[in-house]
Amino acid sequence: MYHNYPIFAIREREKSFQNAGAQFCFSMPFEKIKDMQAEEFLFALLQEFQVQAFVCGDDFRFGKGAVGTPDFIKQATQVCVETLPLVMEDGKKISSSKIKAHVQSGELRALSPRWRTRKTTFGQSKQVYDH
């Protein structure tokens with residue numbers, strides 16, 4: 001089941017990026033980009049912003065049908081692409097979909113302690129879990 005809401009509120013994400021040294025971040029509503037082809041989406045970013053690098057996970061996909069990949073970005077642009085390894089626990093990938101499914105079903109104990117160390121909010125700052 002696809003859960004179309006963020007794990008972190010936009011302000012929390014922005015703060016995390018700032019703390020990591022990012023000077024700029026933006027977000028776009030999924031509804032506005034969901035039907036864009038990978039090439040169209042990539043070149044819209046490049047045209048709108050002075051992109052100097054892309055940092056993404058090994059399994060990052062974008063564009064309609066999820067056909068855009070880190071390798072696609074490397075082949076289509078001169079921009080640096082850095083892929084990060086997947087976060088694994090007990091040999092299994094930790095994904096946002098998995099975290100959202102556990103929270104949605106109330107299975108908070110199934111989450112690793114690293115995901116239970118803070119207040120978790122979803123969508124319109126609806127409080128789901130608070131210590």
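How accessible is D59: buried, partly exposed or exposed, and what is its relative accessible area?

Modeller: D59 is partly exposed, with a relative accessible area of 33%. The classes are buried at under 20% relative accessible area, exposed at over 50% and partly exposed in between, with a 1.4 Å probe and protein chains only. This is a predicted model, in which local features need pLDDT of at least 70 and side-chain atom pairs count only at pLDDT 80 or more, whereas totals for chains, interfaces and linings use all residues. Residues are numbered from 1 along each chain as its sequence is written, and side-chain values use heavy atoms, with hydrogens and water left out.

D59 forms a salt bridge with K93, and the closest N and O atoms are 2.4 Å apart. This pair links distant parts of the chain, since D59 lies in the loop between β1 and α4 and K93 lies in strand β4 (residues 92-93), 34 residues apart. A salt bridge is here a side-chain nitrogen of Lys or Arg within 4 Å of a carboxyl oxygen of Asp or Glu. Helices (H or I, at least four residues) and strands (E, at least two) are DSSP runs, numbered from the N terminus. K93, at 37% relative accessibility, is partly exposed as well.

L86 also belongs to this neighbourhood. Leaving aside neighbours within four places in sequence, L86 is in contact with D58, D59 and K93, where contact means heavy atoms within 4.5 Å. L86 lies in the loop between β2 (80-84) and β3 (88-89) and counts as partly exposed because its relative accessibility is 32%. The C-alpha atoms of L86 and C56 are separated by 9.7 Å, although the two residues are 30 apart along the chain.

The salt-bridge count is three. In one of them, K64 pairs with D35, with 3.9 Å between the closest N and O atoms. This pair, too, links distant parts of the chain: K64 is in the loop between β1 and α4, and D35 is in the loop between α2 and α3, 29 residues apart. K64 is partly exposed at a relative accessible area of 41%. Another salt bridge joins K34 to E31, where the closest N and O atoms are 3.3 Å apart. E31 is exposed, with a relative accessible area of 54%, whereas K34 is partly exposed at 34%.

In helix α3 (residues 38-48), the buried residues include A38, F41, L42 and L45. They lie on the same side of α3 because they cover an arc of only 95 degrees around the axis, the arc being that of the directions from the helix axis to the C-beta atoms. The face of α3 turned away from the buried side carries the exposed residues E39, Q47 and E48. Among the elements covering the buried residues of α3 are α2 (30-33), β1 (53-57) and α4 (70-76).

The largest nonpolar core has 11 residues in all: I33, M36, A38, F41, L42, L45, F54, F62, I73, V79 and V81. Its largest share, four residues, comes from α3. Such a core is a set of buried Ala, Val, Leu, Ile, Met, Phe, Trp, Tyr and Cys residues joined through side-chain atoms within 4.5 Å. Not counting residues up to four places away in sequence, F54 touches L42, L45, L46, I73, V79, C80, V81 and E82. C80 is partly exposed, at 47% relative accessibility.

Helix α5 (residues 96-105) has I99, K100, H102 and V103 as its buried residues. Seen down the axis of α5, these fall within an arc of 160 degrees, so they line one face of the helix. G106 follows α5 and has a positive phi, near 85 degrees.

These details sit in a protein with five helices and six strands, whose elements run α-α-α-β-α-β-β-β-α-β-β from the N terminus on. Buried residues make up 24% of the 131 residues. Of the contacts between residues at least 6 apart in sequence, 52% join residues at least 24 apart.
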